[in-house]
Amino acid sequence: MDKREPYRSLSEAERLAAALEESEGRFQRLVESLQVGVLIHGPRSEVVFANPAAAELLGVGVEALVGQTSMDTGRLAIREDGSPFPGEDHPGPVALATGRPVRNVVVGFHRPSRQDLVWLLVSADPQLGPDRRVTRVVCTFIDITARRQATERLRESEARYRQLVETAHDIIYRADANGYFAYVNPVTSRVLGYAPAELVGKHYLELVRPDHRARVQEQLRRQYWQRSATSYDEFVAVARDGRELWIGQNVQLMLEGERVQGFQAVARDITQRKAAEQALEQERRQLRDIVTHAPVAMAILDREERWLAHSQEWLRFPRMPDTYREAVGRALQGEVVARDEDTVAFDDGARMFVRWSVHPWREASGEVAGAVVAIQNIDVLVKAREAALEAARVKSEFVTNVSHELRTPLNGVIGMTSLLLSTPLDVTQAEYARTVERSARDLLAIIDEILAFSRAESGELELDTIDFDLRALVGEVEATSAEAAAAGGLELACLVEDAVPYGLRGDAVRLREVLGHLLGNAVKFTSEGTVVLRVSLAGAGPAEAVVRFDVTDTGPGVRPEARERLFRPFSQADSSSSRKHGGTGLGLALSKRLVEAMGGEIGVRSQPEHGSTFWFTARFARRDDAGRDLAPVPAAESGSRPRILVVEDNAVNQKVAVAMLGNLGYESEVVGNGLEAVEACSRAVYDAVLMDCQMPEMDGYKAAAWIRQREGGERRVPIIALTAGVMQGERERCLAAGMDDYLGKPVRLQTLDSTLRKWIPRMGETPAAAPGGEPSSLPPEHPLRLLEQRGRGELVAEIIELFLETTPQRLEQMREARLKADSASVLSLAHSLKGAAVQLGAWGMAELCQKIQTLGRSASMAETGDLLYRLEAEFQGASRLLEEEKSRLAATSPAPDGPPAGRPPSA
């Protein structure tokens, strides 16, 4: 060595060791940087090295892997089929044991640290020593989870596709470029009768009917030549059993570049559709023939208004109304245009009445493709209608005139009979007089039915709208039917539920007619038992109410075959010559029309021998009680009897009116026509005028107008129309002439009394509320208020006091009778208490009493306990209101030593 240079040479072994160490360092750095997992097993299968990628893929740390004899540290590896994968079978130990490489083994690992499953592709390469023994094994693996999932999805997709093809409803097949079947799905077995295996290798044209083959082949050749991706064709195929079917198929070419490898097709059995199309075409031909030979003028136009088809009659109408052109344009926009009556002018000047319509017609897509015009000659119909209207007018006028002429003598008969009954008569005379009165009223009812039905038939049925009290109206109808019910030994009850409003607006006269018909029929056809009218609320709104009326009887009922014709005109349930009851057969038919005009429905529920229930509904407006009050005109002379001027040209009616007024306590003066009435009013003062409307020289309308003109604005005498006129709008005509009220002949004494009381304060009567008095909490239409308005305030207080004193005793007696099972006493007490409750407006108590009566008659006394409890509670509520009313009346009553309120002091 050169001592001048401090250098020590290394031995060959040391250089080799340094090079090896440097090489291993580079190898380790390289392996650690790989994204591929690397494990190195020693000679005893132990892991001597693991790179970070291996630890990452296996989900464990490097230190946990080193020293293990397998990749699977937790025995969590599985095979592709999901079975466990033992560690000794892993690629590393196998390569160590056999000395041979192991390639591409798929191993699944459950990674507890990540709670997932990773799929790895593992390979193992053994390294041999000088003695040809395995010194170590290098295992490498990569993550194939995503690729495996994609493969699984592809496999599932292929399976689904195959399942879809195999279970499709259509035939799906593939053929090579020459047209030989390569695949056919099983649908061919169902449609054509061929199993798929029978068709594979055959030419597709063998299934096509011979006369269709050339065209089908030409279309496929054209598709080949044009390289069209898809095409559609329809042809007739022949099934295995010889059946012929229409097939529609979509053909798709299978191309490889520009070269056709074959085609695949989806074919469907369209035999039914073809049959439908042929039937449709047949219908079109038939329709074209029908249009051509139609007995009316008809034309089918396209969107450009060109004729597609027309009837022979169409050529008779060269000139159409101007509205026709506009209608066609509207129809092309999808609108239906029609006119029930129009005229067409011809070249010779003649005109024709026609009815025409224009309808759009549409294609299968729904778009409007044109219009259909139809024209019908209605000359004959128009003339027939005009003749019918004229006949109806003449008939209505005739019926009206006859009714008017009949009412005049009937007015005398009924009026004089009523007066006769108010005089002293023996029993026989009274019975004769009542028979005459009943017969006259029956005749009047028949006249009214015929007249009302005639007006309804001629379209003159209109409704009035007035304020009325429903409970008072029901009471009037009940009173009208009470005498006939009592004569037949029937119990008649009318119940109005609390929910039904007191005040309504509508046609009270028409409602009274319907109720009168139904109650009258129920009483007439019921020989024993009960007739009950129940009124309930069927529907309500802020401005209207729908009221339901049920009339139930215990009569013989109606047979099912008779129910169908009950509401027809001139029809009766018993039309035999031996029937017990008469009638025109118009009552129910007219009731049906009246109910429908009132916005309701009518019907019947019945079983033979089990009675009937006739029901109907009607729609009314709720009454606005904020309207003006009617202020009666003061009496002509204080302390004298009111004077009434009777204007009537018929002598009988004069006597009837004078007698009725005298019976009611009025003085009267009679004149014979309107001119005399005007003169009388100009020289004297009357408290009211009863004005007939049809008189000679000057009728009542003109007379009323003259009287109003002469009065000016100083004083207005009440003028009340008194007429037998029954034409539609008669009431409105009277009011328009200046009259204040309207009474139809014949006039009943009670109706005349109530009407005059409304306009004239009776001598010796107090107003409804004394000046400065407390207002009543009861509604104006309450029975006690109506009695008070007649100047009977003291009597009202006495009635209330008597009711409050006696009712608790009656209730106690009813409880005791019920405990003793004495149904007769319970019925008697309930009937008595119901009558008293109705008189005092305690409607809830009256209804509960009616229910107790019903249960008592059916021997169901055990069920009356709850009703008695409710009756007592209802009485407590009613008694509070009645006590308040009694206190109010006491506060407004006159002092004991002074004159009664509203009466002039005695001279």
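**Buried residues and enclosed space**

Author: This is a predicted model. The chain exposes about 49700 Å². Carbon and sulfur atoms supply 52% of that area. The chain has 26 helices and 28 strands.

Reader: What share of the 907 residues in the chain is buried?

Author: Buried residues make up 41% of them.

Reader: Why is glutamate 234 called buried?

Author: Its relative accessibility is 16%. Buried means under 20%. The value falls under that cut-off, so glutamate 234 counts as buried.

Reader: Where in the chain is glutamate 234?

Author: Glutamate 234 sits in strand β9, residues 230-238. Away from its sequence neighbours up to four places off, glutamate 234 touches Arg215, Trp246, Ile247, Gly248, Ile270, Arg273 and Lys274.

Reader: What makes the link between glutamate 234 and arginine 273 a polar contact?

Author: Their side chains are joined at 2.4 Å. A polar contact needs a pair of N or O atoms within 3.5 Å, one able to donate a hydrogen and the other to accept it. The distance of 2.4 Å is within that limit, so the pair meets the distance part of the rule.

Reader: How do you know that leucine 871 is buried?

Author: The relative accessible area of leucine 871 is 0%. The cut-off for buried is under 20%. Therefore leucine 871 is buried.

Reader: Which residues does leucine 871 touch, leaving out those up to four places away in sequence?

Author: Leucine 871 lies in helix α26, residues 864-892. It touches Leu811, Met814, Leu833, Met845, Leu848, Cys849 and Ile852. Take methionine 845. Leucine 871 and methionine 845 are 26 residues apart in sequence, yet 5.9 Å apart in space, C-alpha to C-alpha.

Reader: What makes a space a cavity?

Author: A 1.4 Å probe fits there but cannot get out.

Reader: Which residues lie nearest the centre of the largest cavity?

Author: Tyr173, Phe181, Leu192, Leu207 and Phe235 do, out of 15 lining residues. Strands β7, β8, β9 and β10 each supply at least two residues of the lining.

Reader: How does the lining of the largest cavity divide into nonpolar, polar and charged residues?

Author: The lining has 13 nonpolar residues, 2 polar and no charged.

How values were computed: Residues are numbered from 1 along each chain as its sequence is written. This is a predicted model: local features need pLDDT of at least 70, side-chain atom pairs count only at pLDDT 80 or more; totals for chains, interfaces and linings use all residues. Side-chain values use heavy atoms; hydrogens and water are left out. Helices (H or I, at least four residues) and strands (E, at least two) are DSSP runs, numbered from the N terminus. Buried means under 20% relative accessible area, exposed over 50%, partly exposed in between (1.4 Å probe, protein chains only). Accessible areas come from the Shrake-Rupley method with a 1.4 Å probe; for residues, only the protein chains shown count as cover. Contact means heavy atoms within 4.5 Å. On a 1 Å grid over the protein atoms alone, a cavity is a set of points where a 1.4 Å probe fits but cannot get out, and a pocket is an open set with protein on both sides within 12 Å along at least five of seven lines; lining residues have an atom within 4 Å of a point. Ala, Val, Leu, Ile, Met, Phe, Trp, Tyr, Cys and Pro count as nonpolar, Asp, Glu, Lys and Arg as charged, and the others, Gly among them, as polar.
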